[in-house]
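The following exercises are meant to be worked through with the sequence and the coordinates open side by side. Try each task before reading its solution.

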Amino acid sequence: MEPGFLVVQALSGLASASSLFVIASGLTLVFGVTRIVNFAHGSFYMLGAYMAVTIVPWLLEFDRSPWLFFIGVLASAAVVGLLGVAMELLLLRRIYKVPELFQLLATFGVVLMVQDAVLKIWGPVDIAGPRAPGLRHGVYILDQRFPAYELFLIFVGPVVLGLLWLLMHRTRFGILIRAATRDREMVGALGVNQALLFTGTLFLGAFLAGLGGALQIPRVSASGQMDISIITEVFVVTVIGGMGSVTGAFLAALLIGQLQAFGVLIFPKITLVLVFLLMAAVLVVKPWGLLGRPEAAAGRAALPEGILHPAPFDHVGRLIALLAVAAVLVLPLFGDAYVMKVVTEVLVFALAAFSLNFLVGNGGIVSFGHAAYFGLGAYAAGLLVTRLGLPMEPALLAAPIAGGAFAALFGFFVVRLSGIYLAMLTLAFAQIAYAVCFQWVEVTGGDNGVVGVWPSAWASSRHVYLYLVAACSIGAILALRHVLYAPFGATLRAARDSEQRADAIGVDVRTHRWLGFTLAGAAAGLAGGLYAFSKGSIDPTLLSIPMSVDFLAMILLGGIQTVMGPLLGAAAFHAIKDAVMPLTDYWRFLLGAAIIALVLIFPRGLGGAYAALRARA
Amino acid sequence: MTDLTITRRAALAAGGGLAAASLVGLRAQGQATGAPIRIGELNSYSRMAAFSVPYRNAMQLAADTINRAGGVMGGRPLEFVFRDDGSAPGDAARVAEDLLTRENCAFLAGTFLSNVGLAVADLANQRRKLFVATEPLTDAITMAQGNRYTFRIRPSTYMQTRMLVEAARGKTQKRWAIVAPNYEYGQSAAANFKRLIGNSIPGVEIVAEQYPALGRVDAGATVGALLQARPDAIFNVLFGPDLTAFVREGNTRGLFERRFVLSLLTGEPEYMLPLGDECPEGWIVTGYPWEQVENAQHKAYVDAYRARFNDTPRKGSLLGYVTVQVIANLLNKANSTDSEALVEAFKDLRSDTVVGPVTMRGLDQQSTMGTWVGETVLRGRAGTMRNSRYVDGAEVMFPEEEVRAARRSA
């Protein structure tokens with residue numbers, strides 16, 4: 001390869017890295033101060049692009065000068081910053097006290113709402129923005145033509161880094177941001193106005209995301225899918241760099257930019273997974289990212305989020321559980337075909353959600369990639385039936401085995417980490433599994449998936465299949481529940497509450513967590529297998545991030561502090577989705593609004609609300 | 001209800017009635033009054049709105065036109081129940097069940113994404129209900145995974161790729177580069193291209209292949225990699241936001257200068273409009289130059305569409321309109337909503353549509369609806385096509401023995 005080409009390809013990588021850094025720096029700042037994993041950061045990026053394709057052409061009508069172009073870009077970013085402030089004031093401020101995971105769910109609700117709001121305001125057609133005046137042309141570098149605008153972008157990243165450094169070291173606001181990133185409670189205890197600090201940080205974070213989006217308009221068109229495609233990449237950058245570290249994000253963005261620029265030459269087909277492989281590798285070697293620090297609060301005895309007192313059923317609880325089971329059993333006698341279908345799905349999701357809460361609520365292991373084990377179970381069952389021609393029964397046995405085996409494999413690395421890094425590693429493994437299912441076309445059928453995964457003849461009627469699912473699902477839930485009350489479950493809770501103390505009394509924390517992770521993976525795998533036979537097909541959406549988020553939404557709606565709450569959450573979430581989807585094309589907006597409303601009204605989930613009601617009674 | 005009457009009147013005034021009259025011929029005139037025939041139409045109305053909303057609009061227009069002219073099966077109106085398929089096979093399967101069980105739909109139509117289309121097709125096969133797959137492009141739906149109950153309207157990836165490759169006949173470029181989104185549509189378009197291009201240009205060598213992730217093209221790196229391979233010609237499968245980013249980067253860096261480019265779907269208004277004045281010139285593309293189609297029926301539909309929706313038609317609109325015309329013809333022919341009767345009537349059914357006659361080939365249950373092939377050109381600040389020609393799908397379908405082999409193994 002000639003040197004000119006290598007230089008230009010490296011410059012392309014730098015330009016991408018620079019753009020990525022501008023966006024990622026905002027996310028990492030917001031996380032550092034508020035500890036919120038802001039899913040809506042991608043939405044701010046998208047809004048920045050849409051604002052810019054609206055504002056900039058309007059400004060250029062007056063005069064096609066580069067200055068007006070950049071004023072337009074900054075104005076767009078400022079508008080997005082104000083939207084960030086609005087989100088902080090209207091939503092986040094009300095939920096700082098609720099478990100951190102809830103905030104994540106609320107920001108996901110915002111993502112859904114913004115998607116449909118953008119569709120409504122700007123329409124479904126992609127909008128291409130104007131090119132930057134004066135930077136339309138190409139520049140010759142070693143005989144290769146390179147866009148002038150991208151040369152300019154290369155400088156934006158370091159300039160933003162420099163300005164942020166000045167802000168952090170030379171202003172009181174910046175010093176407070178650094179202090180809050182290091183120890184948020186201490187900053188509060190010292191009398192700093194936290195509300196103002198948080199609002200300011202959200203403005204800065206949203207501004208940077210908006211700036212990142214606005215700067216892209218000469219290169220890409222504004223489209224409704226920008227948010228989701230950027231957010232995972234930005235997560236990867238912030239995690240590799242170390243959450244809360246701006247310099248780390250800069251390094252990580254450089255690394256990823258070059259990896260993609262040269263990765264497409266060597267592995268043109270697996271760019272999808274390359275960044276996640278890098279993230280997994282970095283986290284295995286450096287558990288807090290390149291420049292991140294262990295959480296200051298990690299050693300402190302804080303009240304953990306999750307199941308504190310797993311009370312056994314009281315009389316009322318037992319009655320409700322019996323009624324619920326009875327309702328499922330008599331349903332086929334009365335309900336119509338469609339209701340049976342929905343109840344079958346609810347039972348499947350209930351098992352998946354229960355297994356996730358076994359990790360999150362009981363073990364303190366927050367998995368962002370639980371759909372991986374659900375999906376791998378489905379794939380194992382589906383492939384055995386369609387490729388090897390096995391009947392349903394052995395395939396259903398294979399589903400939990402596959403889910404458990406992969407959970408054991410991935411879990412071996414996952415349980416070495418904690419907190420947000422652990423969550424991100426589960427996400428990385430889930431994305432790797434997703435990419436394998438997506439790309440290994442010969443075996444998995446690629447993104448088309450595999451069809452023809454139908455139950456054996458005896459179970460093919462909706463009635464019988466419902467009973468089969470009910471038996472498997474309720475049986476597995478009862479078994480997991482039993483484990484939760486057994487010494488093993490208590491040990492997991494001890495390890496969650498204080499790793500050091502558990503260790504000191506002789507508990508092998510890692511092994512216990514690993515076994516717990518495997519068990520939950522196996523249960524999710526069984527749920528996946530049951531799901532595949534109810535749908536007749538498997539495809540990569542079963543392992544995708546939205547599926548994992550759905551599971552998280554279910555347990556959060558149900559309440560992660562309660563044992564049986566996730567079942568309620570699964571039913572509620574699925575019922576809401578099923579009810580709003582046929583209503584309007586803008587069902588995502590309604591779903592997002594419903595999620596936010598539930599977070600605001602039931603900050604401890606439906607299960608938590610029930611427990612509070614019982615305690616008062 | 002007032003809204004409805006006004007829009008109907010507007011459509012009528014604009015000549016929508018004309019298309020209907022020619023469509024149903026001498027059938028009894030007057031509003032259809034019998035029990036409606038309900039058809040469940042599921043599509044990605046939320047996520048793929050740029051395509052699916054014009055598609056739904058045209059379906060409503062066509063259904064209203066037909067109903068006003070007397071409906072189908074001797075006076076029964078067509079009624080479409082539109083539902084979002086959630087853009088995921090799991091959601092789509094549930095919605096399809098809902099349409100069949102609670103909404104009492106006689107059969108299903110629609111879907112956009114190939115994985116959703118395949119999942120619904122398999123469900124239809126399991127439930128023994130007709131499924132008219134309109135938009136999914138994957139070859140599998142009529143080939144290896146084809147089934148008795150699934151019929152596809154739109155020309156498949158293979159057919160459209162073959163149209164382009166035929167258009168390259170007589171060219172001399174030997175060094176080709178391929179750029180395609182990394183999912184089934186892109187992969188199978190690239191595979192079809194590699195298989196077919198040798199027939200048009202002997203001795204072709206593929207010098208570079210780039211498969212950026214869908215919706216996430218790193219345009220700088222991709223264009224750099226293609227330039228490095230120094231191809232004489234490029235086969236492009238990118239569309240949507242990926243295409244805009246790719247074209248802008250390519251224009252600035254001179255990727256398309258003195259290079260012959262074949263590009264799938266680029267001439268469709270859905271993808272051409274966002275390119276604006278950056279639309280490259282001289283690419284050979286498949287698309288839909290609606291303003292250049294000289295055919296009275298088509299003109300009447302375009303006028304009615306523009307009058308009613310105050311928008312220009314898209315490729316989705318055309319597909320929606322043709323689909324309803326084919327379905328109406330099918331119902332008239334079968335004169336029954338029984339699945340088996342519909343399936344038998346659908347095989348080799350010839351329908352007159354706004355694009356001309358469309359036959360549903362019985363062998364693979366793929367319609368002969370074609371598309372336009374032409375050269376991109378800039379007119380003012382927007383791209384369009386010139387020297388375009390409608391290629392009938394019948395000319396570019398899979399060879400019969402290949403279909404038999406593929407469908408036997410299914």
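**Exercise 1.** How many residues does the contact take from chain A, and how many from chain B?

*Solution.* Before counting, note that this is a predicted model, in which local features need pLDDT of at least 70 and side-chain atom pairs count only at pLDDT 80 or more, while totals for chains, interfaces and linings use all residues. Residues are numbered from 1 along each chain as its sequence is written, and chains are lettered from A and ligands numbered from 1 in the order in which they are written. With two residues taken to be in contact if their C-beta atoms, placed from the backbone, lie within 7 Å, the contact takes 55 residues from chain A and 60 residues from chain B. Finally, sort by class, counting Ala, Val, Leu, Ile, Met, Phe, Trp, Tyr, Cys and Pro as nonpolar, Asp, Glu, Lys and Arg as charged, and the others, Gly among them, as polar; the side of chain A that touches chain B then has 24 nonpolar, 18 polar and 13 charged residues.

**Exercise 2.** Describe how the two domains of chain A meet.

*Solution.* Begin with the bounds, which come from an automatic or database domain assignment and divide chain A into domain 1 (3-298) and domain 2 (315-616). Their centres, taken over C-alpha atoms, are separated by 32 Å, and 37 residues of domain 1 of chain A are in contact with 33 residues of domain 2 of chain A. On the domain 1 side, two or more residues come from each of α4 (100-122), α9 (226-241) and α11 (271-285) of chain A, with the largest share, 13 residues, from α4(A). The residues of that side divide into 29 nonpolar, three polar and five charged.

**Exercise 3.** Is Val80(A) buried or exposed?

*Solution.* Locate Val80(A) in helix α3 (residues 66-90) of chain A. A residue is buried if 20 or more other C-beta atoms, placed from the backbone, lie within 10 Å of its own, exposed if 12 or fewer, and partly exposed in between. Val80(A) has 32 C-beta neighbours inside 10 Å and therefore counts as buried. Leaving aside neighbours within four places in sequence, the contacts of Val80(A) include Phe44(A), Met51(A) and Phe207(A).

Definitions and conventions: Helices (H or I, at least four residues) and strands (E, at least two) are DSSP runs, numbered from the N terminus.
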